[in-house]
Amino acid sequence: KELRSERDSLTGTQRPKPQNAITIAVSSRVLFNMDKEQQIYEQKGMEEYLKYQIEHETEPFGPGPAFPFVKALEAVNTRLRELYPESEELFDVVLMTNNHAHVGLRLINTINHHRLFIERFCMTGGNSPIGYLKAYHTNLYLSADPMKVREALEEGIAAATMFNPPEKRTEVSETQLRVAFDGDAVLFSDESERIYKAHGLDKFFEHEKAHENTLLDHGPLKGFLESLGKLQKKFYAKGQRMDCPIRTYLVTARSAASSGTRALKTLRSWGLDTDEALFLAGAPKGPMLEKIRPHIFFDDQMFHVEGAAELGTVAAHVPYGVAQKRPQKKLAVENAKDSSAAAK
Amino acid sequence: MDSMVRNPDVKQRDAAQAVVVAVSSDAIFTPEVEQVHGATEPLRKGDAFSFMKAIQVVNERLLTLNSDETLLFDVILLSNDSEEKHSRIIASAKHYGLDIGRFCFCNKEDSIESLQSNNVKLFLSTDTNDVCKALQKGVPAALLYHQTDPHHQTEDQLKVVFSGDVIGSSEEMLHGLREQGFTETQLQGFKTAKGSVKEFAILMGEMRRRFGLEGSPLCTGLMTAWSSRDVCASALKTLRGWGLLVDEAFCLAGAPRSPILNLVRPHIICLDGLYHMEGFTAMS
C-alpha cells in the first residue's frame, strides 16, 4: 500500500516518500562520459582534475553507458503519470557520486542540457556513498567502480558495474524500457553454478533435472525484477498489456530441454515472470541480445558481459557468486530476501 | 551586564582576526537535572563536545602550517547559569582541556547584547529558539546538530554544513514565499540571516583554503532540503562567489532529511533562516 506523503509544513510542496518510488542510483561516470576527466585525475591528480572540471563547467558531458537506460526510465514515468497522476510509484533516479562538490555545477549543467529528470543527488566529496544508498531506499545501484558495487551487494542492494559503452552501439527504443537478466547468480543464487564449476556440464544437467521441483534461492537482482513487474501490472490494470512500456527478458545459458524448468518454476513460485525467456543451452548471448536490444543486460560473468558489448549491447556486471575471480565475503542473500520481502 | 573571564590555561587569540565563536554552556556541558549545592565534580559532556574537540584539531593544524596564524577559532563559552556554578564551569573546561578562550557569564536577557558587543562571528546552540532569536537580531548563529549516536560524530575533522534553500533562491522566489503565508518579519529575517551566513561562509572559505583538497581537518558542505537542483546550483555559485568551495553537496528535493544528515554527520548546520523546519531541530 502506498504511504500518504506529508505536505511540507513550510512550503506546501509534496514530499515524496522514497519507499514508494523505485530508486535507481547512478554514479556520475556511468550516467555521463567522463573518460577524459578520469584520465586527468589518474595522470595528474585531484587538483588538476578539479581545476579542469571547473574550467569546463559550462561544457556538458556526453552520455555514458547508463544514459539510454535512464532516458527509458523517464519515458516509463511519463506513461505512468498519464495513467496514475497522483501516484508516487515511479522511477526516481538519484545521482550518487563520491565526486567532489566542485564538479557539482558541471554535473547540474549537464543534467539540464540533456533534459534529464534527476532532482536528487549526493556528492560525497570522496567518502563512500554506500550508506546513502540505504538512506534513499535504493532498489538498484549502477557504478563504474566494481569495489563500490561489491560493497552495495554485500549490503543487500542490487548493484552492477558498468563499462564504456560499445563502440558500435545497438539502437534502443526511446519509448519502451527493455531489461535483460541472466538467470544463475543474478536472478537466482549461484548454487547451480557451483555444481557446474565443480563437476562439469553433465553433472549440472543431472542435478538440475533431479531438483526440478526444488526452488532456487534468491539472487541479488530478484528484487529489481520484482519492482519492474509491479509497474508492469499497473499498465495491465489499465488495459495496456500489449502496449506496455516495460519489457523484461531472461537470457540464460540453461537449456529449455533440461535445466530451464527449474528456473521457470522458481520464478513462478515467486509470482514473477519475464516477458520472454531465452534458453541458449550454452550458446553465446551476444547475437540474441542484439536482436532483443535491451537498454541494459545483467550478467555475473564478464565473459558474457564482454560478449554482449562486442555486439553492441550495454551490459552490466553483477560481481556475485562463484564465477568471480576474487574471493568474496559471504554475500547478504538473506538481506536481499528480507529487503524485498518488506513492503516496498 | 556581563562578566567576561579570560581562561588562563589557554593562549588568547587576537579577537579582531580570529573566528570568534560563542557556544552556549548548556551545549558544552549537559545541564544537570538536579542542582546539587557544593558539587565539585566536572560537569558531564554535552552535545557540543565533539565540536569543541574538532575545532581544536583545526586550530592545531592551522598553527602547524603557520605558527603566526591569526585566523583561528576563538571560543567564548556563554553561560546564563547562577553564580555558584561559574567556578564549576571553569574547572570543568580545564578538566577536559577545552580550548575555550573566555567565559562570558550574563543573564539570559543580556545574551544577545553580549554576543553583539564581542564581535562574535557565530553563536552556537542546540536550541533552535535561541538560534533564531540571535539570527533575527543580526547575530550570525547556527545549530549544533544533535547526533542520535554521539559516538558517530568525528572528533578529528570539523564538519560544517550550509543550508542552501534560501541562499540559492532568487529574489522572486523569496517574494513568492509571501503567498505561502510568510510574514514580512519572517521574510526580513531571511534576508538578515542570509547576510550573517555570508560573513561566516567567507571566513570558512578562507580557512578551508589553508588546507589541501585531501586530508583537511575542516570539511564543508551544502544541503538543500526542498529546492530544485537549479536552486542548489545557484547556492553553490553563491557560496563560491563568497570564496567558499564546498567539499560535499546534497540536494534532497523533499526526501527525508534525518537519514541523510545522520550520514553526513555535521557538527554544525548554518541555517539560512528556515530554522523552524522540522528535521533540523536539535532532537531529530
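This is a predicted model: local features need pLDDT of at least 70, side-chain atom pairs count only at pLDDT 80 or more; totals for chains, interfaces and linings use all residues.

**Strands, charges and loops**

Guide: In strand 12 of chain A, A:His317 is the bridge partner of A:Asp299.

Visitor: How many bridges join strand 11 of chain A to strand 12 of chain A, and in which sense do the strands run?

Guide: Two strands count as paired if at least two bridges are found between them. Here three bridges join strand 11 to strand 12 (residues 315-317) of chain A, and the two run parallel. Strand 11 of chain A also pairs with strand 8 (residues 177-181) of chain A, again in the parallel sense and over three bridges.

Visitor: With which side chain does A:Asp299 meet in a salt bridge?

Guide: A salt bridge requires a side-chain nitrogen of Lys or Arg within 4 Å of a carboxyl oxygen of Asp or Glu. The side chain of A:Asp299 meets that of A:Lys285 at 2.8 Å, N to O. A:Asp299 belongs to strand 11 (residues 296-299) of chain A, whereas A:Lys285 lies in the loop between strand 10 (276-279) and helix 12 (286-292) of chain A, so the pair ties together parts 14 residues apart in sequence. A:Lys285 has a relative accessible area of 3% and is therefore buried.

Visitor: How many salt bridges are found over all chains?

Guide: The search of the whole structure finds 32. One of them joins the side chains of A:Glu89 and A:Lys234, at 2.7 Å, N to O. This pair links distant parts of the chain, 145 residues apart: A:Glu89 is in the loop between helix 4 (67-83) and strand 4 (91-97) of chain A, and A:Lys234 is in helix 10 (residues 222-237) of chain A. Both A:Glu89 and A:Lys234 are buried.

Visitor: What parts of chain B are tied together by B:Arg88 and B:Glu32?

Guide: The side chains of these two residues, B:Arg88 and B:Glu32, meet in a salt bridge at 2.9 Å, N to O. B:Arg88 lies in helix 3 (residues 83-96) of chain B and B:Glu32 in the loop between helix 1 (25-28) and helix 2 (49-65) of chain B, so the parts tied together are 56 residues apart in sequence. B:Arg88 is buried because its relative accessibility is 8%; B:Glu32, at 28%, is partly exposed. Elsewhere, salt bridges that share partners join A:Asp184, A:Glu191, A:Glu208, A:Arg254 and A:Arg262 into one network.

Visitor: Which residues gather in a patch of negative charge on the surface?

Guide: They are A:Glu47, A:Glu48, A:Glu55 and B:Glu214. Of these, A:Glu47 lies in helix 3 (residues 46-55) of chain A. Its relative accessibility is 54%, so A:Glu47 counts as exposed.

Visitor: In what sense do strand 5 of chain A and strand 9 of chain B pair?

Guide: Strand 5 (residues 120-123) of chain A pairs with strand 9 of chain B in the antiparallel sense, over three bridges. A:Cys122 stands opposite B:Phe250 there. Strand 9 of chain B is also joined by four bridges to strand 8 (residues 218-224) of chain B, and these two run parallel. In that pairing, B:Cys251 is the bridge partner of B:Thr224. Both faces of strand 9 of chain B are covered: B:Glu248 and B:Phe250 on one side, B:Ala249 and B:Cys251 on the other, are all buried.

Visitor: What is the phi of A:Arg115, and where does this residue lie?

Guide: A:Arg115 has a positive phi of about 55 degrees although it is not a glycine. A:Arg115 lies in the loop between helix 5 (104-113) and strand 5 of chain A. Its relative accessible area is 70%, so A:Arg115 is exposed. A:Arg293 likewise has a positive phi, near 60 degrees; A:Arg293 is in the loop between helix 12 and strand 11 of chain A. With a relative accessible area of 37%, A:Arg293 is partly exposed.

Notes
Residues are numbered from 1 along each chain as its sequence is written. Chains are lettered from A and ligands numbered from 1 in the order in which they are written. Side-chain values use heavy atoms; hydrogens and water are left out. Patches are made of residues with over 30% relative accessible area and no salt bridge: like charges are joined within 9 Å, nonpolar side chains (Val, Leu, Ile, Met, Phe, Trp, Tyr) within 5 Å. Accessible areas come from the Shrake-Rupley method with a 1.4 Å probe; for residues, only the protein chains shown count as cover. Lys and Arg count as positive and Asp and Glu as negative; His and the chain ends are not counted. The place of a charge is taken as NZ of Lys, CZ of Arg, CG of Asp or CD of Glu. Buried means under 20% relative accessible area, exposed over 50%, partly exposed in between (1.4 Å probe, protein chains only).
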